[in-house]
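Please take a moment with the sequence and the 3D structure before reading on.

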Amino acid sequence: MTTLDIAADGAPSISGGPALAQERRLVTAIPGPRSQELLDRKAAAVAKGVGHTAPIAAVAAGGGVVLDADGNSLIDLGSGIAVTSVGNAHPKVVEAVQRQAAQFTHTCFMVSPYEGYVAVAEALNRLTPGDFEKKSALFNSGAEAVENAVKIARKFTKRQAVVAFDHAYHGRTNLTMALTAKSMPYKSGFGPFASEVYRAPMSYPYRDGLTGPDAAAKAISVIEKQVGADNLAAVIIEPIQGEGGFIVPAAGFLPAIADWCAANGVVLISDEVQSGFARTGAMFASEHFGFTPDLVTTAKGIAGGLPLAAVTGRADIMDAAHAGGLGGTYGGNPIACAAALASIDAFETEGFVERAAELGALMLSRLGALQAEDPRVGDVRGLGAMIAIELVDPATQAPDAALAGAVARRCIAEGVIVLTCGTYGNVLRFLPPLSIGDALLNEGLDVVAAALAAEVSA
Ligand code: PLZ
């Protein structure tokens with residue numbers, strides 16, 4: 001059933017959500033004329049620094065597809081960067097947003113508190129790893145959550161230094177740029193950066209060949225020699241690195257880091273902004289690795305597309321900040337909280353955790369087969385619906401960013417939204433909405449395989 005109609009005057013009229021026909025359908029080249037018109041206006045009106053991956057004008061999305069203004073239906077393997085995990089315009093989210101918007105749109109939680117915020121905090125305290133007493137605070141973006149986790153850890157420990165890892169991504173604000181590893185495009189020319197941020201080597205099994213405990217020993221040695229535990233407020237780590245290349249640390253790495261933090265009074269912050277909320281086949285990726293962080297940062301998947309983020313963790317650490325020390329005008333906006341409660345209900349009652357694991361098994365088997373026949377696929381990795389392939393020169397394992405970019409562009413031209421990532425830009429990542437069907441995902445992966453085959457490396 002197609003629910004996008006192009007009227008005689010060419011204007012698309014849409015009813016979005018999961019009722020959209022679940023099909024890849026190209027009726028024009030990408031971009032079509034209507035999309036091109038919007039891209040021209042974008043170029044004239046929007047700052048150049050704000051890029052885009054797929055050259056389309058999106059008009060509707062749901063299930064596993066994104067529709068554009070020309071009537072093309074693209075398979076969505078990106079979820080708006082791991083956000084629409086319950087599916088775009090999930091009916092429960094739409095209903096909750098509409099109901100809340102009609103009731104009140106804003107009071108500012110710091111002025112007149114409301115129930116939705118408290119209910120989201122209660123849900124986060126219940127769902128995040130760790131069976132100790134927890135508290136939460138809500139913010140607008142992942143970067144803002146990370147900034148606040150660091151503020152809280154500093155206040156609690158009365159120390160200043162923060163350690164982040166190679167390949168880390170934590171945001172684009174000043175402190176989070178400092179925490180983020182990659183210069184171009186995130187940091188270049190935007191300094192000076194926040195001080196007291198140090199970098200440790202990450203476990204990267206495909207490239208460092210180290211066991212988890214050995215990689216942890218190397219990182220801990222750097223931390224002890226270059227920072228000193230007495231100066232260190234927090235270690236922040238993504239349990240599976242997102243923008244850095246979907247790097248899954250070797251078994252034992254995260255528990256060893258966690259043990260060292262616990263022994264040295266250092267707050268361990270798990271940045272689950274990208275990996276959280278069912279994405280990896282567990283509610284939180286930390287659960288896969290046998291460690292319990294002190295604080296968890298969340299955003300993205302939490303609210304089905306509405307801007308919301310949180311810091312959740314040990315109650316004594318969370319309560320270290322003085323009254324009035326945390327907040328922001330919009331943090332925990334009531335509409336975003338309503339969307340989060342609807343999304344969390346969907347995560348808990350609609351089998352999305354299990355579905356993420358199924359999608360992961362499907363992707364790993366398809367991409368594993370691709371790797372077996374194409375030596376340019378150097379590594380296939382990830383958990384649940386957070387899977388990537390690293391493209392390399394087969395002779396040297398040198399990263400092949402040109403190939404990754406060309407394959408992604410070809411996929412988009414063929415109607416499949418594929419994102420790249422990685423410090424070296426040579427990783428194709430697959431983050432389908434957990435509402436995608438097997439047939440559509442398989443078709444998307446067929447297109448990826450064909451695009452890879454069509455790109456003959458120089
Ligand atoms: N921490 C682990 O993945 C956001 C960034 C896209 P915000 N990742 C997508 C881009 O190019 O800007 C992210 C993340 C992790 C923090 C963040 C930051 O979250 O909501 O984008 O601020």
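This is a predicted model: local features need pLDDT of at least 70, side-chain atom pairs count only at pLDDT 80 or more; totals for chains, interfaces and linings use all residues.

What follows is a conversation in questions and answers about this structure.

Visitor: Are helices α3 and α11 roughly parallel or roughly antiparallel to each other?
Guide: Helices (H or I, at least four residues) and strands (E, at least two) are DSSP runs numbered from the N terminus, and axes are lines fitted to C-alpha atoms, for helices over the stretch in contact, with angles from 0 to 180 degrees between N-to-C directions. The axes of α3 (residues 91–103) and α11 (residues 334–349) come within 8 Å and cross at roughly 155 degrees. Angles under 35 degrees count as roughly parallel, over 145 as roughly antiparallel, 65 to 115 as roughly perpendicular and the rest as oblique. The two helices α3 and α11 are therefore roughly antiparallel.

Visitor: How many nonpolar residues are in the contact of α3 with α11?
Guide: Contact means heavy atoms within 4.5 Å, and the residues that meet include Val93, Ala96 and Val97 in α3 and Ile335, Ala338 and Ala342 in α11. In the classes used, Ala, Val, Leu, Ile, Met, Phe, Trp, Tyr, Cys and Pro count as nonpolar, Asp, Glu, Lys and Arg as charged, and the others, Gly among them, as polar. By class, the contact of α3 with α11 has two charged, three polar and, for the class asked about, ten nonpolar residues.

Visitor: Is Ile302 buried or exposed?
Guide: Ile302 sits in the loop between β11 (295–298) and β12 (309–314), and, leaving out residues up to four places away in sequence, Ile302 touches Leu124, Phe277, Leu308, Ala340, Ser343 and Ile344. Buried means under 20% relative accessible area, exposed over 50% and partly exposed in between, with a 1.4 Å probe and protein chains only. Because its relative accessibility is 0%, Ile302 counts as buried.

Visitor: Which residue's backbone oxygen does the side chain of Arg25 reach?
Guide: Arg25 is found in the loop between β2 (12–14) and α1 (33–45), and Arg25 is buried, with a relative accessible area of 19%. A polar contact is a pair of N or O atoms within 3.5 Å; within protein, one must be able to donate a hydrogen and the other to accept it, and residues adjacent in sequence count only if both atoms are side-chain atoms. At 3.0 Å, the backbone oxygen reached by the side chain of Arg25 is that of Gly71.

Visitor: Which residue's backbone oxygen lies 2.9 Å from a polar atom of the side chain of Gln241?
Guide: Gln241 lies in the loop between β9 (232–237) and α9 (253–263), and Gln241 is buried, with a relative accessible area of 1%. Leaving aside neighbours within four places in sequence, residues in contact with Gln241 include Phe165, His167, Met202 and Met386. The backbone oxygen that lies 2.9 Å from a polar atom of the Gln241 side chain belongs to Asp166.

Visitor: What is the phi of His167, which is not a glycine?
Guide: His167 is found in the loop between β7 (161–165) and α6, and His167 is buried, with a relative accessible area of 12%. Although His167 is not a glycine, its phi is positive, at about 70 degrees.

Visitor: And what is the phi of Ser79, which is not a glycine either?
Guide: Ser79 is found in helix α2 (residues 79–82), and at 0% relative accessibility Ser79 counts as buried. Ser79 is not a glycine, yet its phi is positive, at about 50 degrees.

Visitor: What is omega for the cis peptide bond that joins Gly191 and Pro192?
Guide: Pro192 is found in the loop between α6 (174–179) and β8 (197–200). A cis peptide bond joins Gly191 and Pro192, and its omega is about 5 degrees.

Conventions: Residues are numbered from 1 along each chain as its sequence is written. Side-chain values use heavy atoms; hydrogens and water are left out.
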